[in-house]
Amino acid sequence: MKQIWIARDYSKCSGCRRCEIACSLKHEGEIWPEASRIRIFMLIPGIEVPHLCVQCPDYPCVEACPTNALSINKETSAVEVDKEKCIACGKCIDACPGKIPHMHPTKKHIIICNLCNGDPECVKVCQEGRWNALWTAPRPSGSLLSIKLYARTPQEITKDLARNIYGEEFEKEVK
């Protein structure tokens, strides 16, 4: 299996949230955006940020897990969560530069994108809708920096997008 990565173009996200719905249907069997592995943040109106695991080459979340509940799928390179081993300590969240892993809304375990075994549902619906904000690409090899550019918090990403759209003056207007 070819290792993939979910590439993203924040400027093309419409905020439709079909990706959240598709993800929750796949993993939870129901429409439950709060339990989705991808989340759409809109911290400033008109700036939507799809936020999901970037599958860091150095996997700081896996390294931080004290119970070995997180592992790396050798075929897909995605982070896998063993729900039985997870103690919901949140150390993976602290270790993630983008604070991307999050707690399941009702169960006591972390949830992280596992790339749907190489065929991500979020990408399918984004492509079907022709937004093209998400797409699969071969996993970059040997380039820690290119992936880490996306491993940022929604606040950091939103701030950069707002600066690009509205210029430096936006920071005076938005608190």
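Predicted model: local features only at pLDDT ≥ 70, side-chain atom pairs only at ≥ 80, totals over all residues.

Biologist: Let's start with β1, then: how many of its residues are buried?

Modeller: Five of the five residues in strand β1, residues 4-8, are buried, where buried means under 20% relative accessible area, exposed over 50% and partly exposed in between, with a 1.4 Å probe and protein chains only. Strands here are DSSP runs of E with at least two residues, helices are runs of H or I with at least four, and both are numbered from the N terminus.

Biologist: And which residues sit on which side of β1?

Modeller: I4, I6 and R8 are on one side and W5 and A7 on the other, and both faces are covered. In a regular strand the side chains alternate between the two faces of the sheet.

Biologist: What does β1 pair with?

Modeller: Strand β1 runs antiparallel to strand β8, residues 134-138, and five bridges join them; pairing requires that DSSP finds at least two bridges between two strands.

Biologist: Okay, moving inside: which residues touch the most other members of the largest nonpolar core?

Modeller: Those are I6, L70 and L134, in a core of 33 residues, a core being a set of buried Ala, Val, Leu, Ile, Met, Phe, Trp, Tyr and Cys residues joined through side-chain atoms within 4.5 Å. The largest share of this core, four residues, comes from α4.

Biologist: What does L134 touch, apart from its sequence neighbours?

Modeller: Not counting residues up to four places away in sequence, L134 touches a list that includes I6, A7, R8, C122 and V123, with contact meaning heavy atoms within 4.5 Å. A second, separate core of eight residues includes I44, V49, I157 and F170.

Biologist: Switching topic, is T158 buried or exposed?

Modeller: T158, in helix α6, residues 154-166, is buried, with a relative accessible area of 2%. Leaving aside neighbours within four places in sequence, T158 is in contact with L43, I44, I47 and V49.

Biologist: Last topic, the rings: which residues form the aromatic cluster?

Modeller: W5, Y10 and Y150 form one cluster, where rings of Phe, Tyr and Trp (its six-membered ring) pair if their centres lie within 6.5 Å, and planes under 30 degrees apart count as stacked, over 60 as edge-to-face and the rest as tilted. There are two aromatic pairs by this rule: W5 and Y150 are edge-to-face, at 5.3 Å centre to centre with 70° between the planes, whereas Y10 and Y150 are tilted, at 6.1 Å and 40°.

How values were computed
Residues numbered from 1 in each chain as written. Heavy atoms only, no water.
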